[in-house]
Amino acid sequence: MSTNSSFFTPYKYLLSLYLVLNILLRIVLINHPITNSSFGIGELLLIFSLGLLRDAVIFTLAFSVFWLYFIFISDEKYKKPYGYIIFAILVGLWGWVTFGKTIFNEYGGILPELAIAFLSIKTAFFGLCLFLPTKRIFIRRFNYAFVLFLFILVLVQNTISEFFFWNEFGVRYNFIAVDYLVYTNEVIGNIMESYPVVPLFIGIGAITLVATYFTYKKTAQVVKHIVPFRNKVIFSICYLIMFAFSLALANKIMNPVNTDNIFSEELESNGVYKFYQAFNNSVIDYMKFYKTLPQEEITKNIKQFYADYNGGESLLRTIQSDTAASKKNVVLISIESLSADFMEFYGNDKKLTPFLDSLAKKSVFFTTTYATGNRTVRGLEAITMCIPPSPGESVVKRQDNKDKFTTGAIFAQNGYAVKYLYGGDAYFDNMQDFFSGNGYDIVDKASFKPNQITFQNIWGVADGDMANKAIEVMNEEFKTGQPFFNHIMTVSNHRPFTYPNGVIKDKDLDSSRDKGVRYTDYAIKQFFELAEKQPWYDNTIFVILADHCASSAGKTQLPLDKYRIPAMIYAPQGLVPLQYDKMISQIDVLPTLLGILNIKYNSKFFGTDVLKESYVPRAFIATYQDLGFIRDNTLTILSPNQKVKQYSFEGNKANEVMTPINEISVPNQKYVDEAVSFYQFTAEQLQNKKYNR
């Protein structure tokens with residue numbers, strides 16, 4: 001085999017390995033229980049053929065790591081004085097990254113550790129080759145085997161990670177995967193507590209070692225002899241042509257082909273590219289990518305929903321009341337991942353939420369409530385800012401997330417102490433930055449004394465411990481004589497769904513998620529039992545709603561049943577129970593509460609008091625790209641590149657399960673225009689800082 005051809009031998013074997021891994025992954029994902037779709041022969045051929053082409057393109061780009069490795073194999077760099085100068089530079093860089101504050105620290109997450117590890121290995125190998133010249137060939141071969149091992153480990157680990165991500169969300173990598181890279185400690189902890197990691201890591205290690213040994217035996221000649229500079233130039237030109245072709249091709253072949261079935265679209269995709277795409281699109285310019293309307297049409301469409309809106313750059317309007325405002329304390333409990341169908345009211349027969357089901361009967365119970373998204377930060381945005389979702393990441397995660405118009409600001413203007421209580425570390429998901437930047441005092445895991453924590457996992461203290469802490473905080477607030485607004489965010493109903501032993505009966509449940517739901521219900525009951533004994537209880541109003549559903553996977557872009565959540569407002573005194581069956585959005589719950597309290601204020605909220613006669617039912621559901629608008633049993637979806645789809649459906653009543661939705665061939669333009677008006681107006685508000693306090 002010629003020297004030149006040997007350069008491409010690793011490419012051939014590593015590409016083959018990558019394609020085999022992806023073929024196996026697609027076979028597993030197609031047969032995964034979460035993939036509730038069937039595929040014809042034509043669809044399967046497209047999934048595998050287009051998928052493998054995309055995989056080959058991505059691998060060719062990733063192979064640049066080996067190109068850089070090969071072109072820098074040289075004995076010249078070890079000669080005096082160059083070798084010592086290079087070694088000194090490497091040692092200096094290692095010290096700076098290890099002990100100094102660099103750009104890697106600014107990004108946070110695992111990046112500083114990766115940079116330190118890379119420079120440590122690079123410096124060590126260079127030093128060995130510099131000071132042990134007689135062992136240089138052996139060191140170089142060992143180094144090559146080590147690089148091969150790391151590269152193959154990444155390929156294998158990525159395949160396994162894509163499976164577990166699909167197992168959790170039913171899609172390839174998206175924004176959540178980007179977040180997980182940043183918040184490495186929580187994610188690794190979650191994996192450690194949720195899966196059999198020892199057998200898993202042993203399996204990954206064994207596969208990687210076998211593949212590395214085989215590839216090394218077939219390709220080791222590439223480092224036995226250093227090729228002349230001329231040959232490196234020829235090799236580099238050939239590879240760079242391949243790289244440029246792949247880069248150009250990537251921009252053309254990565255767009256979705258089969259958009260009628262979201263599972264087909266995801267299976268055709270390449271996970272690495274999807275991750276890159278998500279990383280670069282945390283905020284999407286609505287005006288550039290989505291359908292738009294002139295301002296006068298937006299004003300006309302929006303005015304249907306807000307009788308007191310007179311046009312203008314914001315929804316600013318005065319919320320009036322003929323009754324004196326109540327100064328009741330307010331406790332808002334947003335529950336992690338609580339789908340409506342966990343409750344008995346919606347047909348669940350496992351008795352997972354006996355307390356919440358009993359409380360619903362004594363509350364103003366909103367039976368047809370839709371969450372705006374499928375992440376906690378999207379739920380917090382909806383609850384706190386009462387605003388429809390916008391394309392890209394939640395406002396909570398954006399840089400421009402401070403001094404916004406929030407429910408906390410309204411309560412603060414009315415003399416309330418305002419707090420956000422969270423059992424985990426509030427820095428996670430940028431909550432610390434968002435809530436503190438919007439006037440909330442924060443009580444999180446760091447506020448707990450050691451004796452106040454009876455149980456914790458990677459996400460934080462158990463909800464029962466949070467209940468005790470919340471009572472302590474509220475008792476201190478009561479002593480000041482100032483009314484309080486406290487937003488509590490639960491954590492226990494999250495994988496790995498662990499909780500204190502012996503506090504609930506769980507032998508009748510097989511699913512760990514079901515057990516987590518039952519424990520959360522128990523913890524909320526515990527909170528109320530403690531609250532009933534406090535002097536402030538009768539003068540308090542409680543709001544309970546979920547942040548999002550337990551799962552967002554479905555055959556369609558926005559499966560309606562994956563956005564339906566429970567929501568209720570309860571007061572021990574002065575609030576008549578009511579089952580409210582009209583459709584509402586998560587963004588309406590707090591404005592409705594403000595209406596119940598008769599608080600007068602100037603509002604920019606898109607959410608509205610649904611108990612008023614003027615309320616027009618509509619709801620908003622979204623992923624990070626697809627923006628859904630529900631109106632009159634019609635779902636309109638706005639997507640990038642000005643795409644619009646519309647579906648009709650049945651079963652939008654109190655405890656009915658959604659029936660399959662059918663695409664409308666000719667969309668109802670009225671609903672399209674209303675959807676565009678809401679989402680365009682929301683995007684403009686945020687972009688132009690019109691939604692600030």
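What follows is a short exchange on helix packing, aromatic pairs and cysteines.

Modeller: Keep in mind that this is a predicted model.

Colleague: Why are helix 3 and helix 7 called roughly antiparallel?

Modeller: The axes of helix 3 (residues 64–71) and helix 7 (residues 136–169) cross at roughly 170 degrees. Angles over 145 count as roughly antiparallel. Therefore the two helices are roughly antiparallel to each other. Helix 3 makes the contact with F66, Y69 and F70. Helix 7 brings R140, N143, Y144, V147, L148 and F151. By class, this contact has seven nonpolar, one polar and one charged residues.

Colleague: What makes F70 and F235 an edge-to-face pair?

Modeller: Their planes are 70 degrees apart, and over 60 counts as edge-to-face. The ring centres are 6.5 Å apart. F70 sits in helix 3 and F235 in helix 11, 165 residues apart.

Colleague: How do you know whether F70 is buried or exposed?

Modeller: Buried means under 20% relative accessible area. F70 has 1%, so F70 is buried. F235 has 3%, so F235 counts as buried too.

Colleague: Why is F99 called exposed, but W94 partly exposed?

Modeller: F99 is at 68%, so F99 is exposed. W94 is at 31%, so W94 is partly exposed. W94 and F99 also form an edge-to-face pair, with 90 degrees between the planes.

Colleague: How do you know that C386 is in no disulfide?

Modeller: A disulfide needs two cysteine sulfur atoms within 2.5 Å. For C386, the nearest cysteine sulfur is that of C549, 19 Å away. The structure holds zero disulfides.

Technical notes: Residues numbered from 1 in each chain as written. Predicted model: local features only at pLDDT ≥ 70, side-chain atom pairs only at ≥ 80, totals over all residues. Heavy atoms only, no water. Axes fitted to C-alpha atoms, helices over the stretch in contact; angles between N-to-C directions. Helix = DSSP H or I, 4+ residues; strand = E, 2+ residues; numbered from the N terminus. Parallel < 35°, antiparallel > 145°, perpendicular 65-115°, else oblique. Contact = heavy atoms within 4.5 Å. Nonpolar A, V, L, I, M, F, W, Y, C, P; charged D, E, K, R; others polar. Phe/Tyr/Trp six-rings, centres within 6.5 Å; stacked < 30°, edge-to-face > 60°. Buried < 20%, exposed > 50% of the residue type's maximum accessible area, 1.4 Å probe, protein only.
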